[in-house]
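Please keep the sequence and the structure in view while reading.

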Amino acid sequence: MAKLVQLKPMELNTPKGLVVFEGPVTDSYIDGLSMNKGLTNFRPPDRQKEALKQITNLPDGMIFIARHKNEIIGYVTFHHPDDFSRWSKHPQVLEMGGIEVSPAWRGCGVAENLMKLAFSHPAVENFIVITTEYCWHWDTRNTGLDIWAYQKMLTRLFGKVGLQKVTTDDPDILEHPANVFMARIGKNVGKEDIMLFEGMRFLRKYGRVVNMA
């Protein structure tokens, strides 16, 4: 795997202190930082740290972080879709696997700036970046938002970097009406890859066309 170009870090002064946004970071860099104890949305902080380190070593895997001093307070991940996913069969699909900001740092512009940095990376333009947002992962308890307000907040945030809602018959998305599938087509993605992606959105209708049987 070719070494990814590391972007120039961004800085943001917040009422809680200076936040530095950087990436793609390496596993050794992550290893030298601590995880904020509020980063528990997907798994306990220590386990999440190990998961982030593993992603950095995947083909095209990228981790962008928001850091206060030596502590990770937020992150966004990119990797190829899991093997069991239909999207894994597309050579130019990259999944934004997760984004999380510690509750203590929300309302400071961390998520928006983290996304801004991540989607400014030139590698993003080579892929159709997707995100599958499942409502059972949403932190409605700490935000005080119901699932529909949370969905609106996410789609507005993701829309700022070019992700758009896309319809699909993916069973995981259809499992709950609040779930959202979004995609952003990079500038360097060819027409054939776009057509393949369009066909994969509805396998029940087009499965044979894209040879997914």
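A residue is called buried if its relative accessible area is under 20%, exposed if over 50%, and partly exposed in between, with a 1.4 Å probe and protein chains only. The model is predicted, so local features need pLDDT of at least 70 and side-chain atom pairs count only at pLDDT 80 or more, while totals for chains, interfaces and linings use all residues. Residues are numbered from 1 along each chain as its sequence is written, and side-chain values use heavy atoms, with hydrogens and water left out.

Helices (H or I, at least four residues) and strands (E, at least two) are DSSP runs, numbered from the N terminus. Of its 9 residues, 8 are buried, so S6 is largely enclosed by the rest of the structure. Two strands are said to pair if DSSP finds at least two bridges between them. S6 pairs with S5 in the antiparallel sense over 6 bridges, and Val76 has Ile99 in S6 as its bridge partner. With S7, S6 runs parallel, joined by 3 bridges; here Glu95 has Ile130 in S7 as its bridge partner. Between S6 and S7 the chain passes through H3, and this β-α-β crossover is right-handed. The term means that, with the strands pointing away from the viewer, the path from the first strand over the helix to the second runs clockwise.

Helix H3 covers residues 110–118, and its buried residues are Val110, Asn113, Leu114, Met115, Leu117 and Ala118. What covers them, by contact (heavy atoms within 4.5 Å)? The cover includes strands S1 (10–14), S2 (17–22), S4 (62–68), S5 (71–79) and S6 (93–101), together with helix H5 (147–159).

The aromatic rings come next. Rings of Phe, Tyr and Trp (its six-membered ring) pair if their centres lie within 6.5 Å; planes under 30 degrees apart count as stacked, over 60 as edge-to-face and the rest as tilted. By this rule there are 7 aromatic pairs. Trp87 and Phe197 form a tilted pair, because their ring centres are 5.6 Å apart and their planes stand at 40°. This pair links distant parts of the chain, 110 residues apart: Trp87 is in the loop between S5 and S6, and Phe197 is in helix H7 (residues 191–200). Trp87 is buried at 1% relative accessibility, and Phe197 is buried with a relative accessible area of 1%. The rings of Trp138 and Tyr150, with centres 5.4 Å apart and planes at 15°, are stacked. Trp138 lies in the loop between strand S7 (128–133) and helix H4 (140–143) and Tyr150 in helix H5, so the pair ties together parts 12 residues apart in sequence. Trp138 and Tyr150 are both buried. Phe64, Phe78 and Phe119 form one aromatic cluster.

Next, the cysteines. With a disulfide taken as a pair of cysteine sulfur atoms within 2.5 Å, the count is 0 disulfides. Cys108 is buried at 16% relative accessibility, and Cys135 is buried with a relative accessible area of 10%.

Finally, the backbone. Most residues other than glycine have a negative phi, and most peptide bonds are trans. The bond from Gly23 to Pro24 is cis, with omega near -5°; Pro24 is in the loop between S2 and helix H1 (27–31). Asp60, although not a glycine, has a positive phi of about 65°, and Asp60 is partly exposed, with a relative accessible area of 29%. Lys69 also has a positive phi, near 55°, and lies in the loop between S4 and S5.

Note on methods
Contact = heavy atoms within 4.5 Å.
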